[in-house]
Each structure stands twice: as C-alpha cells, then as structure tokens.
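Reader: I'm new to this one. Could you walk me through it, a question at a time?

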Amino acid sequence: MFPHGREAGKVSGGRNMVKDNHDCPLTRGERILVAVDGSKFSDAAVDQAVSLGGVCNSQIFVISVVDLYPEQMAVAPALVEKMSQEVREHLDRAAEKIEKANIACETIVHMGGTPHEFIVQEARERAVDLIVMGTKGRTGLDRVILGSVSQNVIGHAPCAVLVVPYNV
Ligand SMILES: Nc1ncnc2c1ncn2[C@@H]1O[C@H](COP(=O)(O)OP(=O)(O)O)[C@@H](O)[C@H]1O
Ligand SMILES: [Mg+2]
C-alpha cells in the first residue's frame with residue numbers, strides 16, 4: 001500500500017480521510033481492478049483506470065495472470081520463469097504509472113490457464129466497484145471483436161466492466 005496524496009484543490013491525505021469524490025462519474029469508484037497482459041490494449045486500460053482513479057479517489061488493484069496450465073508448467077519450467085518475469089514487468093510498469101498519479105496501488109499475480117477466473121475471483125473477494133481491461137490483448141486479432149478473456153470477464157463479473165480500445 002502506498003500513500004495516497006491528492007493534487008491542490010482536492011482532499012489531501014490517505015484513504016481514511018473524508019473523501020471528496022463528488023466528481024466521480026461512477027456510482028461507486030473507490031476500488032478499481034485493472035487487468036494487464038503487457039499489450040497496448042491493457043496499457044490503455046491502465047491509463048483509463050488512472051484517469052478515473054484520479055477523480056474517484058480510488059485505490060487501484062492491478063492483476064496479471066501467468067497464462068499457463070499446470071500441465072504446461074510441469075513440462076516447461078524455463079517458460080514459467082520467462083512468463084513470470086514478464087508478468088512482473090507488466091505489473092511494475094502499471095504500478096509505476098499509477099503511483100506517479102499519487103493513487104494507491106496494489107499488484108496481484110496468479111498462475112493458471114484461465115485468466116478470467118482469477119480476475120473475476122479477485123474482483124469478488126476484494127469487492128471492487130469496477131474492472132478495467134482492454135478490448136483485446138496480446139493476440140489482438142483484427143477479425144476478433146473482443147478477446148476471450150474480456151468476453152469471459154464481462155460475462156461473469158460481479159461489477160461493471162470498462163473495456164478499453166488502445167487508441168483512445
Ligand atoms: N493473462 C492476463 N492477465 C491479466 N489480464 C489479462 C490477461 N490476458 C488478457 N488480459 C486482459 O484482457 C484484455 C483482453 O485480452 P484477451 O481477451 O486475452 O485478448 P486477445 O485474445 O487479443 O489476447 C487485455 O487487454 C487485458 O486487460
Ligand atoms: Mg490474450
């Protein structure tokens with residue numbers, strides 16, 4: 001957890017202080033979960049989360065899942081190592097952006113071949129108000145309207161989901 005300072009004209013101090021989030025366009029926006037996979041789409045999702053978090057006095061959780069099934073992990077330890085390192089880098093890059101905006105940030109890592117399940121589970125357990133993610137991700141096929149992780153999160157999320165294209 002990091003200090004949550006505010007800019008001039010806003011409330012200063014941590015989350016325990018009286019909040020001034022009347023500019024927040026969301027019904028509730030105190031807790032935002034942003035899902036990152038290192039793609040330009042998820043970079044855009046982080047930017048949107050930072051924009052919202054700034055006016056909603058939010059805490060932002062950043063999740064990235066090492067997208068490998070246990071069977072794959074068992075036979076390819078070097079791949080596990082490489083992908084875990086990449087995930088760490090995605091999270092660090094996102095956290096840096098969020099903290100630079102003086103927003104409290106916590107990073108979450110999971111390992112498993114069904115990223116949407118971990119994203120939905122964390123959203124539920126941490127009682128987040130909003131999930132922010134990209135329309136697509138690292139695969140980013142032109143002919144696909146919405147990536148499968150996004151589709152599955154939208155279908156199972158316990159809260160609103162903001163799905164962001166990369167060119168906004
Ligand atoms: N492994 C992952 N961990 C966390 N978030 C992910 C992961 N994979 C995808 N996402 C999120 O879902 C969005 C859409 O990605 P995805 O559905 O996988 O599309 P694609 O099929 O193009 O890779 C990404 O921009 C990111 O926000
Ligand atoms: Mg993907």
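Author: Happy to. Keep in mind that the model is predicted.

Reader: Is Ala127 buried or exposed?

Author: Ala127 sits in the loop between H4 and S4, and its phi is near 50°, a positive value in a residue other than glycine. Around Ala127 there are 11 other C-beta atoms within 10 Å, so it falls on the side of the cut-off called exposed.

Reader: Where does Asn102 lie?

Author: Most residues other than glycine have a negative phi. Asn102 has a phi near 60°, a positive value. Asn102 is partly exposed because it has 16 other C-beta atoms within 10 Å. As for its place in the chain, Asn102 belongs to the loop between H3 and S3.

Reader: How far apart are the end C-alpha atoms of H3?

Author: Helix H3 covers residues 77-100, which is 24 residues. At 1.5 Å a residue it should span 34 Å, and the model agrees, so the end C-alpha atoms are apart by 34 Å.

Reader: Which residues of H3 are buried?

Author: Their cover includes strand S1 (31-35), helix H1 (40-56), strand S2 (59-66) and strand S3 (104-111). The buried residues of H3 themselves are Val87, His90, Ala94 and Ile98.

Reader: At what angle do H4 and H5 pack?

Author: Two packed helices are described by the angle between their axes and the distance between the axes. For H4 (residues 115-125) and H5 (residues 148-156), the axes are 9 Å apart and the crossing angle is about 35°. Pro115, His116, Ile119 and Val120 of H4 meet Val149, Asn152, Val153 and His156 of H5. That contact divides into 5 nonpolar, 3 polar and no charged residues, and the angle you asked for is about 35°.

Reader: Which residues come nearest to ligand 1?

Author: By class, its shell has 9 nonpolar, 10 polar and 4 charged residues. H1, S2, strand S4 (130-134) and H5 each supply at least two of the shell's residues. Of the 23 residues around ligand 1, the nearest are Met133, Gly134, Gly137, Gly147 and Val149.

Methods. Residues are numbered from 1 along each chain as its sequence is written. Chains are lettered from A and ligands numbered from 1 in the order in which they are written. This is a predicted model: local features need pLDDT of at least 70, side-chain atom pairs count only at pLDDT 80 or more; totals for chains, interfaces and linings use all residues. Axes are lines fitted to C-alpha atoms, for helices over the stretch in contact, and angles run from 0 to 180 degrees between N-to-C directions. Helices (H or I, at least four residues) and strands (E, at least two) are DSSP runs, numbered from the N terminus. Two residues are in contact if their C-beta atoms, placed from the backbone, lie within 7 Å. Ala, Val, Leu, Ile, Met, Phe, Trp, Tyr, Cys and Pro count as nonpolar, Asp, Glu, Lys and Arg as charged, and the others, Gly among them, as polar. The expected span of a helix is 1.5 Å times one less than its number of residues. A residue is buried if 20 or more other C-beta atoms lie within 10 Å of its own, exposed if 12 or fewer, and partly exposed in between; C-beta atoms are placed from the backbone. A residue is near a molecule or strand if its C-beta atom, placed from the backbone, lies within 6 Å of it.
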